[in-house]
Amino acid sequence: MKYLSVLCLFVAGVLAKHEIYDGHAVYQVDVTSMDQVKLVHDFENDLMLDVWSDAVPGRPGKVLVPKFKRAIFENFLKQSGVQYKLEVENIKEQLELEDQLLAAAAAKSNSTRSRLSFDKIHNYEEVDAYLQELAKEFPNVVTVVEGGKSFEGRSIKYLRISTTNFQDASKPVVMMQSLLHSREWVTLPATLYAIHKLVIDVTESDLINNIDWIILPVANPDGYVHTFDGDRFWRKNRATGYMIFNYCIGVDLNRNFDVSWGTESSYNVCSEIFHGRRAFSEPESSVIRDIIAEHRNRMALFLDIHSYGSIILYGYGSGVLPSNALQVHLLGVQMAQAIDRVKWSTNKDYIVGNTFHAMYAASGSASDYAMQAAAPFSYTYELPAYRNDDGLEGFLVDPDFIEQAGFETWEGIKAGARAAAAAAKELKKVNTA
Ligand code: 0X9
Ligand code: ZN
């Protein structure tokens, strides 16, 4: 009897878990012009909706709309002549489905502390322990570094992977990170897969012999923990003190970097794109800034892995192009093609473009900052987070896709790393010994 009530409580707990999203709908929005892009973007912002992916002509956007905002949202779209479709009536059902699928996958998983598998999404503690295990097991190539602590005091760890302990000044550095936006779970297998192929299952030794790597798998630990504990769609960090009674909390870390800070983001703490008190007001973005500064002279490529949409974006988010825009675009296309060659046919081809021109204006992003401060090649990847239109929506992860997400993204990363390393030598960014 006792066990039965414990079980009931557990089931009730699991079911109550996604209560905050009960009745939230997901809409697909189809725009046909750049005017409509801006119109929809601005309205979604004003209504403080949670935009999952922005609509651009030819690529429908998706947006999460609470029950009480549905009528006003639909009216606006109708009046503006924007086509839309109700995709999911109640996202809570899909959240429960994701839980079930991931729990079933975890039950069969062969993951261990020192070998994280690609059949489930690992939580913060698992990744944190794994990074330390690797450094212990492979001391000649792996160093674990604590870059600092998150707002809530969690350790922000990253790996340095190098055959020469970062001492060889002629080697270019490639840096990548995932989970700056905590709900973008599918991005974690991309960095874990890269670590796996650089340390454990090395089949292409040029990548490790010629390049030094910095990999930061959980760039936003507090947000990530919160997506397991209470709010699966949490995007920002968990900074408090911005509003009376902390009615709204959290800074969008991808608007908190010192590049056109505050120009294309929100002053409103309640917004998903709130930029914080000032550039680098947040410990998480400051840690990334410091890593970039430390390796500024040798950084050839910076990759910030996000989801979703199958897009590779480059700066600047203001629409201003870097002076090497042509090469940046070309290298972006090479990465996209490398992924497309092995992607699942049910997913779309990648597109490549400047953030502003291909998507929307955005200031203060990590990849723009890296480009301005250090890396001649810097990109935001938006991975595909779904298998096909019948699968789970948006940020929800189908466990069947986890290994493929890691594998296909690694193809893009490799292509980018090799091309950026070659360009760095040519640019004499690093010494050609
Ligand atoms: O809006 C963002 O922060 C990124 N998209 S996401 O859906 N993952 O939130 C795109 C940022 C790209 N911005 C620049 N590189 N400027
Ligand atoms: Zn993101």
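Is Lys414 buried or exposed? With a relative accessible area of 8%, Lys414 is buried (under 20% relative accessible area; exposed means over 50%, partly exposed in between, with a 1.4 Å probe and protein chains only). The model is predicted, so local features need pLDDT of at least 70 and side-chain atom pairs pLDDT 80 or more, while totals for chains, interfaces and linings use all residues. Residues are numbered from 1 along each chain, chains are lettered from A and ligands numbered from 1 in the order written, and side-chain values use heavy atoms, without hydrogens or water.

Lys414 forms a salt bridge (a side-chain nitrogen of Lys or Arg within 4 Å of a carboxyl oxygen of Asp or Glu) with Glu204, their closest N and O atoms lying 2.9 Å apart. This pair links helix α13 (residues 402-426) to the loop between α6 and α7 (206-210), 210 residues apart; helices (H or I, at least four residues) and strands (E, at least two) are DSSP runs numbered from the N terminus. Glu204 also pairs with Arg418, at 3.1 Å. Shared partners join Glu204, Asp206, Glu411, Lys414 and Arg418 into one network.

Next comes the metal site. The zinc ion (ligand 2) is coordinated by His181, Glu184 and His306 at 2.0 to 2.4 Å; donors are N, O and S atoms within 2.8 Å of the metal (3.2 Å for Na, K and Ca), and sites may look incomplete because water is not among the atoms. Glu184 lies in a loop and His306 in strand β9 (residues 299-307), so the pair ties together parts 122 residues apart in sequence. Glu184 is buried at 3% relative accessibility, and His306 is buried at 2%.
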